[in-house]
Structures are given as C-alpha cells and as structure tokens.
Amino acid sequence: MSNNLFLFEDLSKDLDKISQAESLTILANLEQELLGKSSKVALAREALKQVEPNERPELGKRLNFVRNQLQNGLDQRRKVLVEGERQKKLQEEKIDLGEILTSPQRGHIHLIAQTQQSLEDVFIGMGYTVEEGPEVETEWYNFEALNIPPSHPARDAQDSLYVKLGKPGSTLLRTHTSPVQIRVMQNNSLPIYSVMPGRVYRRDTPDARHTPAFHQIEGLVVDKDISFSDLAGTIETFTSAYFGPAIKARLRPAFFPFTEPSAEFDITCTICEGSGCRTCSGVGWVELGGCGMIDPAVFASVGIDSEQWSGFAFGFGIDRCAQMKHGIDDMRVLLDNDIRFLSQF
Ligand code: PHE
C-alpha cells in the first residue's frame with residue numbers, strides 16, 4: 001500500500017489558496033475540490049480502510065489533522081467573505097435622504113394596477129365594458145342573489161370577513177367580484193358584455209399563491225343563444241392575448257352555485273413551464289379562476305327571463321396573472337412595498 005496518498009505536501013499551498021479566495025463561489029469550488037467526494041482527502045479516507053491495522057492510527061490522525069486544517073481555513077474565509085458581501089449590500093442599498101430631497105424619484109403605477117389595466121385592455125379589445133362595484137357588500141349581493149344558500153360553507157365566518165354594520169352577519173368584505181354581476185344586471189339593459197375588476201377579501205393564510213386581500217376580474221355576458229363553447233372560446237382568446245400563444249388554458253369540471261355547468265380554468269405554470277415546481281405544487285398547472293353558464297336561479301334574482309336570455313360568467317385572479325406573467329414565485333412580495341422589487345416593473 002502506497003502511503004503517498006497520506007502525504008499532503010500541498011497543505012500550506014491549499015491553505016493559501018483558501019485565504020485568497022475572492023468570492024463565495026470560488027470558495028465553494030475550492031471546498032468541493034479539497035474536501036468533496038473526489039478530493040484527495042476523501043480518497044485517503046477510503047484508502048484508510050485497506051491500510052495495515054498497526055499503521056492505521058497514525059495515518060488516521062494525520063488525515064484528520066489535514067481535514068481539520070482545511071475545514072477551519074474554509075470556515076474562517078467564508079465568515080470574512082459573508083461579512084464583506086453584507087457590508088457591500090448595505091452600502092449599495094443605503095438611502096441618502098438628502099439625495100432624495102434634491103432629486104426626487106418618480107413613482108409609478110403598482111404592478112397589480114398595471115396588470116389590471118392590461119387585462120381590461122384585452123377585454124375592451126373584445127368589445128367588453130368595464131364596470132365596478134363596492135368592496136363592502138351585503139349578504140344578499142355576495143351570496144343570496146348568487147344562489148349561495150345560508151348553509152353554504154363559504155358563508156362561514158371562517159372564510160369570510162364580516163364587518164360590524166347593520167344586522168350582525170349582514171355585511172361583509174366581498175369574497176369575490178361576482179356580486180358586481182348582480183349589480184350590472186340590475187342596472188343595465190341587455191345584452192351585457194362587461195368585465196368587473198376589483199379587490200376581494202378572504203380569510204386565507206398567506207402563502208406563495210394566496211394573500212388574504214387580492215384582486216379578481218369578473219366577466220359577464222348575457223345575450224341570446226350564448227353557449228358553453230362561447231365561454232371556452234373567450235377564455236382561450238383571453239389567455240393567448242394576455243400570456244402569449246405558448247401558455248395553454250384548460251377547463252376542469254367544477255361546481256359553483258351561480259353557474260351550471262361550471263368549470264375551473266388553469267393555465268400552464270409559467271415559472272416551470274409545466275414541468276412542476278414549488279409555485280404550482282408540482283403539477284405544472286396553476287388555477288386562474290372559475291367560470292360557467294349563468295344559473296337560471298341567478299337570472300331569477302334580477303328578473304331576467306332565462307327562457308329568452310342565456311349567458312356566462314368567469315372570474316379570475318389579477319394578482320395570479322401578474323405572478324404568472326412575470327414569473328414571480330411568491331405572491332406575497334406584491335404586497336411588501338419593497339422598492340427594489342417594485343421598481344423592476
Ligand atoms: N366567484 C368565483 C370565485 O371567486 C369565480 C367564478 C366567477 C366562478 C364566475 C364562476 C363564474 O371563486
């Protein structure tokens with residue numbers, strides 16, 4: 001057995017290299033080279049098993065000494081480099097208040113508002129009008145008129161945020177933009193081709209894809225002879241107009257009390273382009289919203305004759321669209337108001 005493997009003549013050269021490493025990347029490469037799987041240290045450790053038992057303690061000690069020297073060197077250098085980078089970052093991100101006073105920076109429209117505007121533009125191009133409704137709603141508009149019965153779990157205070165106004169449980173922050181459908185049907189003559197953007201609220205725990213306050217855009221079409229294929233075609237047209245032809249939409253059967261039949265629609269996850277990642281929980285698709293043919297019970301609540309008129313509705317997340325369009329892997333940053341993030345858009 002050759003004991004050359006246990007001679008580390010280069011140790012002091014290696015330690016020099018470590019202490020001169022100029023970046024964390026260089027240091028990580030050095031660590032790989034000196035202590036990684038195919039390093040001399042690893043090979044020697046493997047070879048130790050074959051060494052005569054009487055030589056083993058001595059060689060083992062030598063090997064440990066070398067390994068500790070290298071490891072300590074790497075750890076110390078890493079500390080220095082990390083601190084250096086931190087200082088550099090602090091310096092770069094330092095805000096000079098005096099400078100701001102003399103040369104004010106112009107703000108710009110927030111990414112969510114920009115997204116809302118471009119979504120509106122897509123639908124205006126398709127002949128829709130843009131309508132708005134209140135964020136504080138009555139139970140009647142948010143649930144009742146939409147055929148959501150009092151026993152429905154969505155009405156539970158676990159899911160909805162009620163406000164102290166009027167009879168307890170009668171007023172809440174709207175949980176979706178669908179109540180605006182009802183208002184638009186009450187206030188306009190037929191036919192209707194409208195989209196209704198706005199902020200909505202749910203008791204959700206924030207995560208990469210959810211925040212308790214978010215934005216939706218609702219679509220409503222009421223006309224003669226409207227069919228499900230008109231709905232599917234509209235969703236497809238919108239998806240390729242907004243996300244580009246590479247992003248596909250798919251419809252999955254679902255249930256909503258205010259539409260029948262109903263579907264949920266997903267788009268290809270733009271973060272991983274369909275291969276599966278943290279943002280799409282590994283499935284390659286991201287849910288964008290729900291849609292379906294207006295249920296006759298909803299028409300009845302606003303006095304529209306469902307024998308004569310038919311229509312469809314859809315609703316989807318504006319924040320989710322921004323996230324997917326710009327490859328933002330965590331939605332929470334949209335609300336952080338961190339100028340370094342916002343100034344990119
Ligand atoms: N309001 C539904 C939601 O927020 C989405 C939806 C809108 C479904 C219109 C069907 C029709 O989940």
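## Cysteines

At 1% relative accessibility, C280 counts as buried (under 20% relative accessible area, with exposed meaning over 50% and partly exposed in between, using a 1.4 Å probe and protein chains only). Its sulfur lies 3.7 Å from the closest cysteine sulfur, that of C272, which is too far for a bond. The structure holds zero disulfides, a disulfide being a pair of cysteine sulfur atoms within 2.5 Å. C291 is in no disulfide either, and the nearest cysteine sulfur, in C321, is 14 Å away. With 2% relative accessibility, C291 is also buried.

## About the model

This is a predicted model, in which local features need pLDDT of at least 70 and side-chain atom pairs count only at pLDDT 80 or more, while totals for chains, interfaces and linings use all residues. Residues are numbered from 1 along each chain as its sequence is written, and side-chain values use heavy atoms, leaving out hydrogens and water.

## Domains

The chain is assigned a domain 1 (10-94) and a domain 2 (111-342), with bounds that come from an automatic or database domain assignment. Taken over C-alpha atoms, the centres of domain 1 and domain 2 are separated by 55 Å.

## The open sheet

Let's walk across the sheet. Seven strands form it, open and with mixed pairing, in the order β1-β4-β5-β9-β8-β7-β6. At the edges are β1 (129-130) and β6 (249-256), each of which pairs on one side only. Helices (H or I, at least four residues) and strands (E, at least two) are DSSP runs, numbered from the N terminus, and two strands pair if DSSP finds at least two bridges between them.

Strand β4 (residues 192-201) pairs with strand β5 (residues 213-223) in the antiparallel sense over 10 bridges. Here V195 has G219, in β5, as its bridge partner. Helix α11 (residues 318-326) packs on the sheet and touches β4, β5, β7 (259-268), β8 (285-294) and β9 (310-317). The direction of α11 makes about 60 degrees with that of β9; axes are lines fitted to C-alpha atoms, for helices over the stretch in contact, and angles run from 0 to 180 degrees between N-to-C directions.

A254 has S262, in β7, as its bridge partner. The hairpin from β6 to β7 passes through two residues.

## Aromatic rings

A search of the whole structure finds 14 aromatic pairs. Rings of Phe, Tyr and Trp (its six-membered ring) pair if their centres lie within 6.5 Å; planes under 30 degrees apart count as stacked, over 60 as edge-to-face and the rest as tilted. F123 and Y128 make an edge-to-face pair, 5.4 Å centre to centre with 65 degrees between the planes, and both residues are buried. F256 and F258 make a tilted pair, at 5.7 Å and 35 degrees. F258 is buried, at 10% relative accessibility.

One aromatic cluster is formed by F123, Y128, Y193, F238, Y242, F243, F265, F312, F314 and F316.

## A serine in a loop

Where is S160 placed? It sits in the loop between α7 (139-142) and β3 (171-173). S160 is buried, with a relative accessible area of 0%. Leaving aside its neighbours within four places in sequence, S160 is in contact (heavy atoms within 4.5 Å) with F143, A154, R155, L172, T175 and R203.
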